[in-house]
2 protein chains.
Amino acid sequence: MDHNGPMTATHNGLRRIVILGGGFGGVYTAQHLGRLLRGRADVEVCIVNGENYFVFQPMLAEVVSGNIGILDTVSPISRIAPHAKLYVRNIEHIDLAAQTVALSPALSKESTVLRYDHLVVALGNVTDFRNSPGLHAHALPFKNLADALRLRDRAIRVLGDAAIEPSAERRRQLLTFVIGGGGFSGVEVAAELNDFIRRTAQKYFHLDPSEPRVVLVHSHNRILDREMPEGLALYAQKVMQKRGVEFIFNRHVVSATPKFTLLDDGTRLDSRTLVSTVPSSPNPLVTALGLKSDHGRLVTDGRLRVAGCTNVWSLGDCAAVPRAEGNAPNAEGGGTCPPTAQFAVRQAKTLAENIVAALDGGQQRTFKFAELGKLAALGRRRAVGQLFGKINIYGFTAWLFWRAVYWAKLPGLDRKLRVAGSWLLEFFLPPDLVQTGVDRRRGVTEEFHEPGGFVFRQGEYGNRCYVIATGRAEIVHQDPDGHEHVIAELGPTDCFGASEVLQETAYPASVRCVEETKLLVVSKEDFIKFADALPGLADRFSAINQKMAAVAQENQSAQQPASAT
Amino acid sequence: MDHNGPMTATHNGLRRIVILGGGFGGVYTAQHLGRLLRGRADVEVCIVNGENYFVFQPMLAEVVSGNIGILDTVSPISRIAPHAKLYVRNIEHIDLAAQTVALSPALSKESTVLRYDHLVVALGNVTDFRNSPGLHAHALPFKNLADALRLRDRAIRVLGDAAIEPSAERRRQLLTFVIGGGGFSGVEVAAELNDFIRRTAQKYFHLDPSEPRVVLVHSHNRILDREMPEGLALYAQKVMQKRGVEFIFNRHVVSATPKFTLLDDGTRLDSRTLVSTVPSSPNPLVTALGLKSDHGRLVTDGRLRVAGCTNVWSLGDCAAVPRAEGNAPNAEGGGTCPPTAQFAVRQAKTLAENIVAALDGGQQRTFKFAELGKLAALGRRRAVGQLFGKINIYGFTAWLFWRAVYWAKLPGLDRKLRVAGSWLLEFFLPPDLVQTGVDRRRGVTEEFHEPGGFVFRQGEYGNRCYVIATGRAEIVHQDPDGHEHVIAELGPTDCFGASEVLQETAYPASVRCVEETKLLVVSKEDFIKFADALPGLADRFSAINQKMAAVAQENQSAQQPASAT
């Protein structure tokens, strides 16, 4: 990495605190620093995040059911932390030796390099699909606002498609939703998605209410096994089962294709929609720092300073913060704080105070916090929770408690009012069915197929062109008598699909994968732009026609001498 | 076009009415047909639209200022017309002889062919950028929800970028917004955008309130020249001017680049944001029908039947419907109905009745409607309007009237409640600043440059790769002494930018266009996927390095003999 780009240097003794990440840890640190440093011109606080908003994660699942408006769970960072300079950019590189952070170029095509005096790493974790083939291409993650909107759009789309689909088999496939993971996130998504589908399928899409299936797959023998005591988890299961959620226990998702999800025991769930809420892995930027870590989380001391550093701090899900004495023991065991918003928000306050102490030479303090409780919402009017590690609550009471607690925690009066309004309207208004359109993946996407899986079948129409990235497939032609002929084999770098898409004809043959195959997919719209600009490209993508023509010619020349004799 | 795909045929005497388009004309026709045909199993109504929602156009501009929630102006079509079968698909082809409409494949990869007994063409018009180079690439249209969200996101993004931009010149460029067109749409967008920027620039982005500029460019000597009498238009101008909108009259936009907008007199407006509300051109699907048209609109008789057809009907913006006697004269002159929602909604009722009459052999009637009035909102608490062709209203009264009329027309109780709630909250809550993320164009995009325009400059960083589609550019290197050297010329099919993007280095030279140049642009993310799958691709995109290496070698070999002598 080369840093010739413009450098935003600190000057005249101005000191700069750079916060990376706009989740609970980062945004609340910025807010506390703003308060502590009010009126001081000698310290600047910068916060870097890929979006200009902060996501209030606990309410994200409610966006799926439409109980709350699609922007109600997110707040502009500039409103929560008005005194911090906000950089809406991606982080390209962190250089601890030079004390700089390089940000991706934005509209201006210039990369910005921020020099820091203190760095706060609050980058959370990311959803990692690397070890499960097909998940990157076909599973929907559930972490940010775009994920929630995408899942909602997908649900509306498959309901709409099912409404006009005459084949019962295809309808069943469209209406099956698989959720991987039975932690807080998986349970809440399954519950809200299930509510939404049950409320709308019959009423607005005229579908048989017995057709939709919501299946939660979990690797343990009950849900919430790390988060909640057994009794509460079993209660949650009962509530959800009664409402139509199915559970598959002691199994996990191993791969996914456009048409089914495969579990580790070979079970195949025919489904167009898979939501994966596991596994989480550390943010690659954190890993690249090469600092001491514990299961990928940066090890800090009790004062939230990263081990081995003097001016680098960390908190939230990406940090392994020791639990000081006096902190209640953790159900997950271990001596570090659990990765929850509750802890990140409290760590932010201590961290901000300690940075100011470090700047001004004051006394730093050790992070101490006893967990107040945990809550899981189960959809319409039901929740479970445990307070102070001992009081169990469940059902309608827990649900009221859930709403009260999170409503109180929601930042900003405007959001509070909007959410209250949405909750009120939800009692007597039908759920919203507008698709925002974020589900339409544009650009280059991926597809994954198991051996024997069809990329498309002869006679179908397409609006995509394909490149094989890894794996092997074959072109299979079915003659009018129903006999199958393998025309040719396709492997990595082979491209196909263009001629049919450009001429709007049906595929003259099927493409069937012979091993696990990953394909890159380009939309018709994008392909046409390129084909116009780069002559020869369309030919390269016409493998099927070429191979079929070659075989036809061979057959002809093989036949001609025969007929001559 | 080949129609081997599955055909959804009508059977057993079932007759099918297919409505194309989900705007005012299409959706209201479907609604009226639902009412008229209630309980009848012998007629099916299908409606085809690219989105699953209907956009209430008159309130769209308020989405930009955030006065109303982002989904408040759109309603699910399945809610407004619950008895129609909704196909959320693109239309590929209309075959009048075969009486079929072919729809694009959706999730299922199968194209659907709908056979019709009666066809209703309600496809409106489209924004046409073909004759203005660069507008397709750089101007934002303003027709649907995505356009409104994109403009809103863009405004928030440039305000955020300006807040951290040290250069006054770049800040000014970021903060200049140009709107092309002074009709209803252009005026309302300019007013709402201006309100939003003035309300937020200083308060949330700490910008000097004198820096933002909102410039409306119109081809006539006053705004609303075809829509409103002169007195009202001048009043509207005065209100807007007072609030900071600038006007440029008797000019129009001829081209746009990423950094400026060019007018027909050579005026260059340095700006990153251009909204174009002109010109509209007929939908290509309508043109392709080859039927009798008037300025691109399908000519119909007074009963809304398309000239020369027995079972094809049309209404709304894509139809030239004669004004019957008794209709008030039109300010635009001419004998056809103006392209407004007011007319489309009334036409829908007549059209639905006439189709039912045609099916059942009843009496058809002629469309008759006297325009009630017209209104234009001017942003915060101001509007102008004319009622029954003679009563002029303006100011706060007109604004109250505007809200009352359009709120009453908004379909659905839920939307009415939400909009009322948003209008109420808007009085005491700050405007929303969350970016929805739709502004991020993914996939293949385009860029247009005037001669002398830089695609990028030496030393900048990029995250895009380029292919020249049309035009010519040159690679220009500036040596340490500041001398410019033209290294090589680039033309159509030349690709560049990849090596710098992949290696995250600054561009070693600038690329400057020598004539009007159109480029295809691929994002770094997409390019990497392809470069991994297709070896050799990255090399092809490394024109700059290759040409520079070639020149360096030439210089060396030229120098070596010289130094040897």
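These legends describe close-up views of a predicted model.

**View 1. The interface of chain A and chain B.** The contact draws 84 residues from chain A and 84 residues from chain B. The size of an interface is often given as the accessible area lost when the parts come together. Here the two chains bury about 7,700 Å² between them. Of that area, 56% lies on carbon and sulfur atoms. Four salt bridges are found across the interface.

**View 2. A salt bridge between K524(A) and E92(B).** K524(A) pairs with E92(B) in a salt bridge. The closest N and O atoms are 3.6 Å apart.

**View 3. Helix 12 of chain A against helix 12 of chain B.** Both helices span residues 413–428 in their chains. Their axes come within 12 Å and cross at roughly 160°. Angles over 145 degrees count as roughly antiparallel, so helix 12 of chain A and helix 12 of chain B are roughly antiparallel to each other. The crossing of these two helices is right-handed. From chain A, helix 12 brings L417(A), R418(A), L425(A) and F428(A) to the contact. From chain B, helix 12 brings L417(B), R418(B), L425(B) and F428(B). By class, this contact has six nonpolar, no polar and two charged residues.

**View 4. Helix 5 of chain B packed on helix 7 of chain B.** Helix 5 covers residues 145–163, and helix 7 covers residues 184–205. Their axes lie 11 Å apart, at an angle of about 30°. Angles under 35 degrees count as roughly parallel, so helix 5 and helix 7 of chain B are roughly parallel to each other. Helix 5 of chain B makes a right-handed crossing with helix 7 of chain B. On helix 5, the contact residues are L151(B), R152(B), A155(B), I156(B), L159(B), G160(B) and A163(B). They meet V189(B), L193(B), F196(B), I197(B), T200(B), A201(B) and F205(B) of helix 7. The residues of this contact divide into 11 nonpolar, two polar and one charged.

**View 5. Helix 1 of chain B packed on helix 10 of chain B.** Helix 1 runs over residues 24–36, and helix 10 over residues 341–360. The two pack at an angle of about 40°, with their axes 8 Å apart. The crossing of helix 1 and helix 10 of chain B is right-handed. Helix 1 contributes F24(B), G25(B), Y28(B), T29(B), H32(B), L33(B) and L36(B). Among the residues from helix 10 are A341(B), A344(B), V345(B), A348(B), K349(B) and E353(B). This contact comprises 12 nonpolar, three polar and two charged residues.

Key. Residues numbered from 1 in each chain as written. Chains lettered and ligands numbered in written order. Predicted model: local features only at pLDDT ≥ 70, side-chain atom pairs only at ≥ 80, totals over all residues. Heavy atoms only, no water. Axes fitted to C-alpha atoms, helices over the stretch in contact; angles between N-to-C directions. Helix = DSSP H or I, 4+ residues; strand = E, 2+ residues; numbered from the N terminus. Parallel < 35°, antiparallel > 145°, perpendicular 65-115°, else oblique. Left-handed = near helix turned anticlockwise from the far one by under 90°. Contact = heavy atoms within 4.5 Å. Nonpolar A, V, L, I, M, F, W, Y, C, P; charged D, E, K, R; others polar. Buried area = accessible area lost by both parts, 1.4 Å probe. Salt bridge = Lys/Arg side-chain N within 4 Å of Asp/Glu carboxyl O.
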